[in-house]
Amino acid sequence: MKNIISSLLLFFFITSVSYGNEDVTDQILKNLRCLVCQGQTVSDSNSEFALIIKSVVKDKIKEGKSEKEIYNFLSDKYGDWILLNPPLKKNSYVLWFLPYLLFILGAIFLFFLLKKPKIRP
Amino acid sequence: MLSNLGNIFVIIALLISFILIFFSLREFKTNNNLIPGKIFKFSLIQLFFSISSFVILLIAYIFSDFSLVNVFENSHTNKPLFYKISGTWGNHEGSLLLWINILVLFSTLFLFINKNRDKNFKILTLLFQNILIVIFLIFLLINSNPFSKLFPIPLEGLGLNPILQDPALAIHPPLLYVGFVGSSIYFSAALAALISKIDSRSLAISIKPWVLVSWFFQTVGILVGSIWAYYELGWGGYWFWDPVENSSLMPWFVMTALLHSILVLERRIGLYSWVIVLSILTFTMSVTGTFLVRSGILNSVHTFASDPSRGLFILSFLMVMIFYSIFIFFKYAPKENKQFRMFSKESFIIANNWFMIFFLAVVLIGTLYPVFLDTITGSKISVGPPYYNLILAPFLIPLLFLMTSGPNYKWISSEVKSFFNLVLVVSVTLFLITFFLIQENSFLLNLILFFSIYLVTQTLFDLYESLKRRNINISRIISHLGFGLLIFFIYVNHIFSIENNFNLKLGETKKTTHHIIKFDNLEEQSVKNYKSIVGHFSISDLKTLKSKELKPEIRVYDKPITITYEASIKSNLFSDTYLTMSNISDTDIFNIKFQVKPFMNFIWISVLLLSLGGILNFFNREKNEKN
């Protein structure tokens, strides 16, 4: 059972990461908030801050760092605020799991509301 | 002069609200079965003064009367007339006055056109509406008065934020406000229905037109906002899951749920309490949306007017409103003990509600969780597009499936239908063709594409059937078709979008996988209220060898001094070519963002189809009520 759940989670995770055909750098830049702008991503901004982050990410990719390592590096430096995809941590369990919990609660509620069809002879 | 007149009109409107509240309370107790003429008269007078106050503000803007702080802060004599007019609601105070105007207009309309014979129901709806009007008018007078005076009178105004000087954004707020405020009517009507105990069919018939109208305007309002973001913000996206966008989407989910539930209520099958909960929730979400936008507690691309004191007022109002609604609900809610048959139309509608409420919950959690976390623990996190895409996308599959099969089930029935039919065969064939053309590997994306094709095929078959049977009520079919196409084109657009970021100097050429981009020329232009640097680029497609001219701009507005980046978009039926340039400071290098975005026009048209269904239903309402 545990394996099924984890493979399902993995499946959704992978499909979301491999969205589209942009290269890795662009994908990373799109998931970073430009800290000096109003709600822009680093990829969309040309502020000095965004330019610095862009070159930092490019360098890290050249060094052969993985996507995850780059996110960790940036969040250590600037805090989780910079990551538009909130990492699964103690403080984001509610954020990630509450929606699913509510969906399941809804299903249970519906189960009791709906009459099962009578089997006709 | 205008300032005093405006204030006087607003105060008169406020006083009439008190009179109307007094009359309604007195009338509610009598056994008389007719609403007295004086209530109608006072409502009309209130409408007159309310609209007049708005007209006065409009005049102040048109003639640039800078003795009003509001006009001084948001207008300028050099501004084109069109933006002087739209500037009236392009700021917090003016838009609040517009909000109140729509509220008064709708209350009056409800009083005059609602055919429900139950006097108490109408009187109570009017009472609740006027309580809302009083609250918003007091908020306007105390905290956000557009008629505040300024002395000495300045010669020139500060100007309107140039990003807001745009035709799409000029009509965007009024559209959304009709949606937001329209929901106040069924909020009040729901509370009135509880107290006056009217039956389910009368309630459904009373609120249905309002739900349809507000849903239609909300949909179109979101569409216009999205189109604006697409060409004005210059990033090529059309939906950023930004808090402000979310706050227009949240009421939309509840409205959509309500739109479906009313169909059940109309047929007296049940859901009376649930419709009331949804009605209350819709308006609550509208006010929450306003709170989130106006208080500035959220970091957003769309925040142009924010001030914590406004937030505090709206938040307190929200708390009181929720508290009283819950109180009235539990005091008066009738007991219902309904069970629904599993394979009936009403069950599928309930399933729709389940999904809509789930979507609402996801967006609400995503928007508010960071705020709560920041307040409680002080740690800041961001919730951006990846979160919403990851959580919501898988749920589109069952939703699309339910939308495909649900509508063909019968009311109060338990007949199970077979899936294996011609529609499925056609859909699978179409999907295989698409799959061959797209060659997308992601399993999730393929599933979404398949189920959206399935929905589109089914609705097209349904459309053919109903046209053959000369059935005029095709609103559901049109809306579902629109939704199916929307999801299909969003994902196809996503798969085929090309984006290239690079730096160029004047005269240089950049070769990408499919295109050659040449930076030909740079010229300076001076327009009425801004100066601009226009870049000339020629884009040649390596496959078709066709060439295009694109001219992105960097604009420098002088009042107030703002730099904006204007994208240059060449749009043809199937694909948009999108180019923005921005200067890198202290160099002669320009940063170029080149994008090819297929099917953008199809995305817009799909949303139009979706909303068209709503308005068709509005006009077919009379016919439906008879059968």
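Two strands count as paired if DSSP finds at least two bridges between them. Strands (E, at least two residues) and helices (H or I, at least four) are DSSP runs, numbered from the N terminus.

This is a predicted model, in which local features need pLDDT of at least 70 and side-chain atom pairs count only at pLDDT 80 or more, while totals for chains, interfaces and linings use all residues. Residues are numbered from 1 along each chain as its sequence is written, and chains are lettered from A and ligands numbered from 1 in the order in which they are written.

**View 1. Strands β9(B) and β10(B) side by side.** Here Lys570(B) sits opposite Thr577(B) of β10(B). Four bridges join β9(B) to β10 (residues 575-583) of chain B, in the antiparallel sense.

**View 2. The open sheet of chain B.** Step back and you meet four antiparallel strands in the order β2-β11-β10-β9. Because β2 (498-504) and β9 (568-571) of chain B each have a single partner strand, one side of each is left without a neighbour in the sheet. On average, neighbouring strands are turned by 15° against each other, direction ignored (axes are lines fitted to C-alpha atoms, for helices over the stretch in contact; angles run from 0 to 180 degrees between N-to-C directions).

**View 3. Where chain A meets chain B.** Contact (C-beta atoms, placed from the backbone, within 7 Å) links 38 residues of chain A with 48 residues of chain B. On the chain A side, α1 (2-17), α5 (93-113) and β1 (114-115) each supply at least two residues. The largest share, nine residues, belongs to α5(A).

How values were computed: Two residues are in contact if their C-beta atoms, placed from the backbone, lie within 7 Å.
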